[in-house]
Amino acid sequence: MSDFIIFSIDVFASLFIVALGLFVLVVIYFYIADVTQSKQAIRRNYPVIGRFRYFFERQGEFFRQYFFAMDREEMPFNRADRSWVYKAAKNVDRTSAFGSTQSLEVTGTVMFMNCAFPTLDEEALEPSAVIIGPYCTVPYATNSLFNISGMSFGALSKPAVRALSKGAKLAGCWMNTGEGGLSPYHLEGGADIVFQIGTAKYGVRDGQGNLSIKKLQEIAAYEQVKMFEIKMSQGAKPGKGGMLPGKKVNAEIAAIRGIPQGQDSISPNGHPEVKNPSDLLDMIAKVRETTGKPTGFKAVIGAYAWLETLFAEINHRGIESAPDFITIDSADGGTGAAPQPLMDSVGLPLKESLPLVVSMLEKHGLRERVKVIASGKLIVPSKVAWALALGADFVVSARGHMFALGCIQALQCNKDTCPTGITTHDERLQRGLDVADKAQRVANYNKYIHYGAGLIAHSCGVFSARELSREHVRVVQENGLSEPLDKMYENYQ
């Protein structure tokens with residue numbers, strides 16, 4: 001027995017010496033590497049030790065997210081909102097105790113005006129159906145207030161797209177393909193599909209990158225494809241096309257998009273054939289006539305004089321020439337990868353652009369003809385109800401549904417290292433995303449968004465969330481007092 005103990009001590013001592021020797025060699029290697037490199041001054045002046053500065057800098061996001069940020073402080077989505085989405089998706093208790101953590105004194109705080117005689121449960125109504133594209137061969141009717149915004153297969157993983165498709169079917173909402181084309185996984189769940197035509201025309205492009213009528217007809221032949229959305233720009237990168245790193249462009253994604261495998265997928269800044277409002281109406285007419293289905297466009301609103309020209313041209317051509325819908329993306333929209341100057345500083349937020357477009361449509365007599373879809377950080381019932389009160393017919397969300405899938409806001413969408421398997425093509429990481437479970441969570445989340453928006457509507461004395469209007473909302477101003485929305489925007493056009 002004593003011989004065994006002595007032998008064990010000798011082995012551990014030898015291993016310790018080897019480990020210590022390797023550690024010394026590593027330190028020597030790092031020292032030489034640091035003092036000879038010229039890219040980082042901290043490492044050159046403080047070899048080895050200076051490396052800890054960059055390590056802690058990378059860890060800062062993690063510690064701020066989990067330990068230091070208050071429930072309402074974190075960006076781009078605070079913990080309180082994310083927590084509500086997680087609870088709704090898991091179908092667990094969503095109530096809170098003691099009092100709200102949201103200050104009612106902060107400028108911009110939205111407050112709904114409850115009615116002295118609220119709508120009783122037995123009087124409440126489901127949201128009414130809205131018909132999009134009344135002049136189309138195949139119009140689309142839906143009563144879903146809240147739908148899945150554009151997220152491409154490629155930017156999202158295969159199991160994530162499958163879960164969203166199945167979840168959308170369970171929820172009865174539509175799912176937007178994003179600009180990356182129509183994959184079998186979008187169709188798999190049987191959900192209604194909105195096909196997005198990006199500036200690179202992925203999925204409907206010919207060999208030269210132009211819009212292919214034949215491929216457009218092939219996409220339209222799918223009964224599930226209900227509408228077509230021409231993407232002019234998106235909130236996180238207005239004036240910049242979509243970007244998918246080459247390491248994410250595998251053979252399957254390349255085939256769906258119609259591009260070379262392994263090369264960066266970078267869309268043009270805009271549609272080459274659309275230079276003015278008249279060109280936009282021509283493209284809308286071309287897609288609608290080819291497919292027979294409702295066609296609209298998506299844009300983040302910045303300069304808006306062109307909308308006056310667009311709406312005047314519609315009235316000149318005839319009301320049937322109008323886009324069947326306009327998707328208004330907020331300047332604080334999201335994406336997998338975008339230049340920070342565009343993400344931080346370009347475009348109007350939804351609180352300005354949404355009422356602006358709605359008021360301009362009313363001014364030109366087009367409000368009933370053109371349906372309005374709002375997009376941009378609307379992931380909880382109060383934000384959805386606010387957008388409906390401002391004039392939106394529908395709300396779409398991408399990141400809200402990503403949270404429902406289990407996204408933890410790790411901010412690694414552009415690195416192919418998403419720890420939840422949502423935005424990565426690493427099969428090891430994808431294994432954590434169970435499609436059946438996440439599909440049910442997507443459906444649960446959608447259900448409770450509708451339920452929560454309905455609760456607010458009933459408190460305001462209307463029968464359904466579609467009946468909310470600006471008179472039901474007040475917003476806190478700089479002086480700490482609130483002002484009604486209808487007064488704030490009475491001259492806004």
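## Reading a predicted model, feature by feature

The side chains of glutamate 179 and lysine 231 form a salt bridge, with N and O 3.4 Å apart.

Q: What parts of the chain does the pair of lysine 231 and glutamate 179 link?
A: The pair ties together distant parts of the chain. Lysine 231 belongs to strand β7 (residues 225-231), while glutamate 179 sits in the loop between β5 (174-176) and α6 (184-188), 52 residues apart. Keep in mind that this is a predicted model, and the contact is read from its atoms.

Q: Are lysine 231 and glutamate 179 buried or exposed?
A: Buried means under 20% relative accessible area. Both lysine 231 and glutamate 179 are buried.

Q: How many salt bridges does a search of the whole structure find?
A: The search finds 13 salt bridges. One of them joins arginine 317 to glutamate 313, with the closest N and O atoms 2.8 Å apart.

Q: Where do arginine 317 and glutamate 313 lie?
A: The general idea comes from helix geometry. An α-helix has 3.6 residues a turn, so residues three or four places apart point the same way. In this structure, arginine 317 and glutamate 313 are both in helix α10, 4 residues apart, which is about one turn of the helix. Arginine 317 has a relative accessibility of 30% and so counts as partly exposed. Glutamate 313, at 22%, is also partly exposed.

Q: Which residue forms a salt bridge with arginine 441?
A: The partner is aspartate 437, and the closest N and O atoms are 3.3 Å apart. Both residues lie in helix α16 (residues 435-459), 4 residues apart, again about one turn of the helix. Arginine 441 is partly exposed at 21% relative accessible area, and aspartate 437 is partly exposed at 33%. Elsewhere, salt bridges with shared partners join Arg162, Lys166 and Glu188 into one network.

Q: Why is strand β11 described as largely enclosed by the rest of the structure?
A: Start by counting buried residues along the strand. In β11 (residues 325-329), 5 of the 5 residues are buried, so the strand is largely enclosed by the rest of the structure. Then look at the side-chain directions: Phe325, Thr327 and Asp329 point one way, Ile326 and Ile328 point the other way, and all are buried.

Q: Which strands pair with β11?
A: Strand β10 (residues 295-300) pairs with β11 in the parallel sense over 4 bridges. Strand β12 (residues 371-375) also pairs with β11 in the parallel sense, over 5 bridges.

Q: What unit do β10, helix α10 and β11 make?
A: They make a right-handed β-α-β unit, with α10 spanning residues 305-317.

Q: Which residues have a positive phi although they are not glycine?
A: As a rule, most residues other than glycine have a negative phi. Among the exceptions here is valine 48, with a positive phi of about 70 degrees, in the loop between α2 (41-45) and α3 (51-68). Another is asparagine 91, with a positive phi of about 60 degrees, in the loop between α4 (79-90) and β1 (110-112). Asparagine 91 is partly exposed, with a relative accessible area of 42%.

Q: What does UniProt list for residues 12-32?
A: The unreviewed UniProt entry lists them as "transmembrane region". In the model, this stretch is 100% helix and 0% strand, with its end C-alpha atoms 30 Å apart.

Q: Which residues form the nonpolar patch on the surface?
A: Members include Phe16, Leu20, Phe23, Val24 and Tyr31, and the patch has about 1,100 Å² of accessible area together. Valine 24 lies in helix α1 (residues 2-36) and is partly exposed, with a relative accessible area of 38%.

How values were computed:
Residues are numbered from 1 along each chain as its sequence is written. This is a predicted model: local features need pLDDT of at least 70, side-chain atom pairs count only at pLDDT 80 or more; totals for chains, interfaces and linings use all residues. Side-chain values use heavy atoms; hydrogens and water are left out. Buried means under 20% relative accessible area, exposed over 50%, partly exposed in between (1.4 Å probe, protein chains only). Helices (H or I, at least four residues) and strands (E, at least two) are DSSP runs, numbered from the N terminus. Two strands pair if DSSP finds at least two bridges between them. A crossover is right-handed if, with the strands pointing away from the viewer, the path from the first strand over the helix to the second runs clockwise. Patches are made of residues with over 30% relative accessible area and no salt bridge: like charges are joined within 9 Å, nonpolar side chains (Val, Leu, Ile, Met, Phe, Trp, Tyr) within 5 Å. Accessible areas come from the Shrake-Rupley method with a 1.4 Å probe; for residues, only the protein chains shown count as cover. A salt bridge is a side-chain nitrogen of Lys or Arg within 4 Å of a carboxyl oxygen of Asp or Glu. UniProt positions are given in the numbering used here, feature names are shortened, and annotations may be inferred rather than shown by experiment.
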